Amino acid sequence: MEIVLAIGIGVLTASGVWLILRPRTFQVILGLSLASYAVNLFIYAMGRLKVDAPPIVGSGTPNPTHFDDPLPQALVLTAIVISFAMTALLLVVLLASRGLTGTDHVDGEEDE
């Protein structure tokens, strides 16, 4: 299962980098989104998620190996919210730039 996750993260990263290097702004926005999905998957995979593990509750000093780590899940949830807001902001900037320049190229000039 680890190899499938590693290949998935690699494909998302490669696709994101390829789209970031494209000349059109919408493709750049999609590339940034794919790259952020790859980073989210990587952070989530590094958290060593345990299936059916209880959250940390109870008294005394619990053994942390028996419980699920909530930090990677909280980081990924925060990153999803921030990337959604940044994508919305980039789309608004894209529409404003297209209205001002009349093109959607990153440098503002059409190819000859």
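A crossing of two helices is left-handed if the near helix is turned anticlockwise from the far one by less than a right angle, and right-handed if clockwise. Keep that in mind for the tour.

The model is predicted, so local features need pLDDT of at least 70, side-chain atom pairs count only at pLDDT 80 or more, and totals for chains, interfaces and linings use all residues. Residues are numbered from 1 along each chain as its sequence is written, and side-chain values use heavy atoms, without hydrogens and water.

**Stop 1: helix 2.** Select residues 25-46. Helices here are DSSP runs (H or I, at least four residues), numbered from the N terminus. Helix 2 has 22 residues and reaches 32 Å from first C-alpha to last, close to the 32 Å expected at 1.5 Å a residue. The expected span is 1.5 Å times one less than the number of residues.

**Stop 2: its buried residues.** Colour Thr-25, Val-28, Ile-29 and Gly-31, which are among the buried ones. Buried means under 20% relative accessible area, exposed over 50%, partly exposed in between (1.4 Å probe, protein chains only). The buried residues of helix 2 pack against helix 1 (2-20) and helix 3 (71-101).

**Stop 3: the crossing.** Show helix 1 with helix 2. Their axes, lines fitted to C-alpha atoms over the stretch in contact, come within 7 Å and cross at roughly 155°. Angles run from 0 to 180 degrees between N-to-C directions. The two helices are therefore roughly antiparallel, a term for angles over 145 degrees. Their crossing is left-handed.

**Stop 4: Val-11.** Select Val-11 in helix 1. Is Val-11 partly exposed or buried? Val-11 counts as partly exposed because its relative accessibility is 47%.

Notes. Contact = heavy atoms within 4.5 Å. Parallel < 35°, antiparallel > 145°, perpendicular 65-115°, else oblique.
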